[in-house]
Amino acid sequence: KMNMLRHGMSPADIRQGDTIREPQHSDENNELLRFDRVLANPPFSQNYIKKELKFSGRFPVMMPEKGKKADLMFVQHMLSVLKSDGRLATVMPHGVLFRGGDEQEARKHFIDEGYLEAIIGLPSNLFYGTGIPACILVMSKQGAKGADGKTTRDHVFFINADREYREGKAQNHLRAEDIDKIVHAYRSGQDIPAYARRVPVAEIKGEDYNCNIRRYVDNAPPPEPQAVRAHLHGGVPLPELAAREHSWSNHQNLRADCF
């Protein structure tokens, strides 16, 4: 609650309980409240209990009770309480993007129904209590499958922002420029080499609904060029000189003077 007050979100209706088993926010008819926006950072890798599960219709795909696989149960709950034009953004561990079994079925449900809008990969060690890298799932009911069975969402927008951050001793941090770049990429929805890409749903289906971010947006630096002749005899490899052609053309005689 203090964190919400610090961000100017007051008053707030905060309830304590087990959201999966017995959600607390309901209306006078004992129906779940619906929201325009849902922002969440649920606990990672939890177990849950199916016994006496209320509003079970929230979960089209049930996760195993054991094995610490409740992550996508939280996501399904968030979807269930969105209004027809609502949007959610939630932090998730990367495992939900590529693990098989019921989690694969849940991803298939999100994508086939047109809910999954974007996946944003974040740097590791951003959050207290865990050093693993996380991602943000963005889902929207607007543009998802309607009563006619059609959806206007034929792609998922992937952003790979895991290499851009400020390193700290105990925890890494997203700088203002890192956040601005993520927001700008998301709002523009345009491809950015080695950073963001609109991936057709057909391509994701061809990968058996594997949503591993680097499968679609590889931001690994290019390999260091190797020249056996230069290693053996010394000197600067000719391919490396050729790769700096823009420098030679902008500064006459530089190449001749240096090499």
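The side chain of Asp-71 comes within reach of the backbone nitrogen of Ser-45, at 3.0 Å. Keep in mind that this is a predicted model.

**Around Asp-71**
- Asp-71 sits in helix H2, which covers residues 71-80.
- Is Asp-71 buried or exposed? Asp-71 counts as buried because its relative accessibility is 0%, and the cut-off for buried is under 20%.
- Setting aside neighbours within four places in sequence, Asp-71 is in contact with Pro-43, Phe-44, Ser-45, Met-92, Pro-93, Val-96 and Arg-99.

**The sheet**
- Six strands make up an open sheet, in the order E1-E2-E4-E3-E5-E6, and the pairing is mixed.
- At the edges you'll find strand E1 (35-40) and strand E6 (196-200), each pairing on one side only.
- On average, neighbouring strands of this sheet are turned by 15° against each other, ignoring direction.
- Strand E2 (residues 82-93) and strand E4 (residues 134-140) run antiparallel as a pair, with seven bridges.
- Within that pairing, Leu-88 stands opposite Met-139 in E4.

**The helix on the sheet**
- Helix H5 (residues 176-188) packs on the sheet and touches E2, strand E3 (116-121), E4, strand E5 (155-160) and E6.
- The direction of helix H5 makes about 165° with that of E5.

Note on methods
Residues numbered from 1 in each chain as written. Predicted model: local features only at pLDDT ≥ 70, side-chain atom pairs only at ≥ 80, totals over all residues. Heavy atoms only, no water. Pairing = 2+ DSSP bridges. Helix = DSSP H or I, 4+ residues; strand = E, 2+ residues; numbered from the N terminus. Axes fitted to C-alpha atoms, helices over the stretch in contact; angles between N-to-C directions. Contact = heavy atoms within 4.5 Å. Buried < 20%, exposed > 50% of the residue type's maximum accessible area, 1.4 Å probe, protein only. Polar contact = N/O pair within 3.5 Å; in protein donor to acceptor, adjacent residues only side chain to side chain.
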